[in-house]
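I opened this notebook to record what I looked up in one protein model. The sequence and structure come before my entries.

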Amino acid sequence: MKKNIIKISLAALTAFVSLTSCDRNLDQISSINEDQEQAMTRPETFRQAMDGAYTALKGSGYYTSDTGNQLIMGDLTTDNLVRTTTGRNTNFAASNFEFSSDNSQTTGLFSAAYLVISRANFVLKYINNGVLSGTQKTNLEAEARALRAI
């Protein structure tokens, strides 16, 4: 008798959970994957887009890592660094002026920079759509232009 009560209880609980779990819409769209036209209709999405542009600054090839970044490339091409055979031999292609399209050491430098520029341009594209106004709009536009100029 006790086994039957447990079985009936479990069956009732399973039926209750399965019938009540489908009340909400399962096809929800994440705010990260919004359509471009929909995304820039709220002030907070402009801030999120700018945060994405700042995140691209931390990407490999811009100011981080040792291989082909903005900070070391100038020294490599002006002979301010000395490469030795016992060293790591990183940035070998750049120090030999091998700037070809199939060399990720040098193309990574420019692709990382253009990712930042494209994200800042995305904010500037929608800045005049009427969502932002006043100092918030002015500050965000100046921030995007400055980030693009870096």
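The entries below go from the overall fold to single residues.

**Entry 1. Basis**

I worked from a predicted model, in which local features need pLDDT of at least 70 and side-chain atom pairs count only at pLDDT 80 or more, while totals for chains, interfaces and linings use all residues. Residues are numbered from 1 along each chain as its sequence is written, and side-chain values use heavy atoms, with hydrogens and water left out.

**Entry 2. Fold**

I counted seven helices and zero strands in the protein. Helices (H or I, at least four residues) and strands (E, at least two) are DSSP runs, numbered from the N terminus. Along the sequence I read the pattern α-α-α-α-α-α-α. I noted that 25% of the 150 residues are buried; buried means under 20% relative accessible area, exposed means over 50%, and partly exposed lies in between (1.4 Å probe, protein chains only). Of the contacts between residues at least 6 apart in sequence, 54% join residues at least 24 apart, where contact means heavy atoms within 4.5 Å.

**Entry 3. Helices H3 and H7**

I looked up how H3 (residues 43–57) and H7 (residues 134–149) pack: their axes come within 11 Å and cross at roughly 20°. The helices are therefore roughly parallel, as angles under 35 degrees count as roughly parallel, over 145 as roughly antiparallel, 65 to 115 as roughly perpendicular and the rest as oblique. Axes are lines fitted to C-alpha atoms, for helices over the stretch in contact, and angles run from 0 to 180 degrees between N-to-C directions.

On the H3 side, I listed Pro43, Phe46, Arg47, Met50, Ala53, Tyr54 and Leu57, which meet Gln136, Leu140, Glu143, Ala144 and Leu147 in H7. The residues of this contact divide into nine nonpolar, one polar and two charged. For these classes, Ala, Val, Leu, Ile, Met, Phe, Trp, Tyr, Cys and Pro count as nonpolar, Asp, Glu, Lys and Arg as charged, and the others, Gly among them, as polar.

**Entry 4. Nonpolar cores**

Which residues have the most contacts inside the largest nonpolar core? I found Met40, Phe46, Met50, Val123, Ile127, Leu140 and Leu147, in a core of 17 residues. A nonpolar core is a set of buried Ala, Val, Leu, Ile, Met, Phe, Trp, Tyr and Cys residues joined through side-chain atoms within 4.5 Å. H3, H6 (104–126) and H7 each supply at least two residues of this core, and the largest share, six residues, comes from H3. A second, separate core has five residues, including Ile72, Met73, Ala94 and Leu109.

I then followed Ile127: leaving aside neighbours within four places in sequence, Ile127 is in contact with Phe46, Leu132, Lys137, Leu140 and Glu141.

I located Phe122 in helix H6. Phe122 is partly exposed, with a relative accessible area of 23%. Not counting residues up to four places away in sequence, Phe122 touches Gln36, Met40 and Ala49. Phe122 and Met40 are 82 residues apart in sequence, and their C-alpha atoms are 9.6 Å apart.

In H7 I looked up Ala142, which is partly exposed at 46% relative accessibility.
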